[in-house]
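Please look over the sequence and the model shown below, and then follow the explanation that comes after them.

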Amino acid sequence: MPSQNKPSPTPLISVIVPLFNEEASLKWHYGAMTDFLRASKINYELIYINDGSSDKSLEIVQDIAKNDSRVKYISFSRNFGKEAATTAGLRACKGDAAVMIDADGQHPVELIETFYNEWLSGQQVVIGIRESNQGEGFIKS
C-alpha cells in the first residue's frame, strides 16, 4: 500500500488501472499515460488489473509488461468488479502514493500531475470530481 509518511526525495507514484474488456483503447491509453508521465518527469509504476476480461485485454497487457519494466499486472479468473480490482491494485502497489484511473480515456491523464502536485503540497487525499456530464448519453447521465 502507498506510504503514509512524507514522500521520498523522488516519490514513486503507482497508477492503478482496472481493466474490463478494454482491448480497443488499451494501447492508446498506455501510450498517452506513459508519454505524459515521462514528459512530466514523474517517477511511476503502472499496475493493470484485468478484471476477467473476455477480449484480448490480458494479452495486450502481458505484451506491454514484457517491454516496459514499470508495468505490472494482475489477472482475475473472472469479473469481480471495479472495487475488487482497485483494492488488488492498492495491495500490490509499491508507490508513495496511488492514483486510480480508467483505461477507457474518460479520465484525463493530465490530471495525474495536478493530483501529484496537490499531494506533494501536503494533501493526503486528492479526489477529482466531474463538473458536467456533457457528451454522455442520457442514460449514463
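**Charged pairs and the rest of the chain**

Arg38 is partly exposed, because its relative accessible area is 45%, where buried means under 20%, exposed over 50% and partly exposed in between, computed with a 1.4 Å probe and protein chains only. The model is a predicted one, in which local features need pLDDT of at least 70 and side-chain atom pairs count only at pLDDT 80 or more, while totals for chains, interfaces and linings use all residues. Residues are numbered from 1 along each chain as its sequence is written, and side-chain values use heavy atoms, with hydrogens and water left out.

Side chains of opposite charge can pair when their charged atoms come close. A salt bridge here is a side-chain nitrogen of Lys or Arg within 4 Å of a carboxyl oxygen of Asp or Glu, and by this rule the count comes to 3 salt bridges. In one of them the side chain of Arg38 meets that of Asp68, at 3.6 Å from N to O. This pair links distant parts of the chain, since Arg38 sits in helix α1 and Asp68 in the loop between α2 (57–67) and β3, 30 residues apart; helices (H or I, at least four residues) and strands (E, at least two) are DSSP runs, numbered from the N terminus.

Another salt bridge joins Glu45 and Lys72, at 3.4 Å from N to O. Glu45 lies in strand β2 and Lys72 in strand β3, so the pair ties together parts that are 27 residues apart in sequence. Glu45 counts as buried at 3% relative accessibility, whereas Lys72, at 36%, is partly exposed.

Asp102 and Lys82 also form a salt bridge, with their closest N and O atoms 2.8 Å apart. Asp102 lies in the loop between β4 (97–100) and α4, and Lys82 in helix α3 (residues 82–92), so this pair ties together parts that are 20 residues apart in sequence.

How far can the coordinates be trusted? The mean pLDDT of the protein chain is 88, and 87% of its residues reach 70 or more, pLDDT being the predictor's confidence in each residue, from 0 to 100. Over residues 137–141, however, pLDDT stays under 50, and the model has 3 contacts for them beyond four places in sequence, a contact meaning heavy atoms within 4.5 Å. Where pLDDT is low, the predicted coordinates should not be read in detail.
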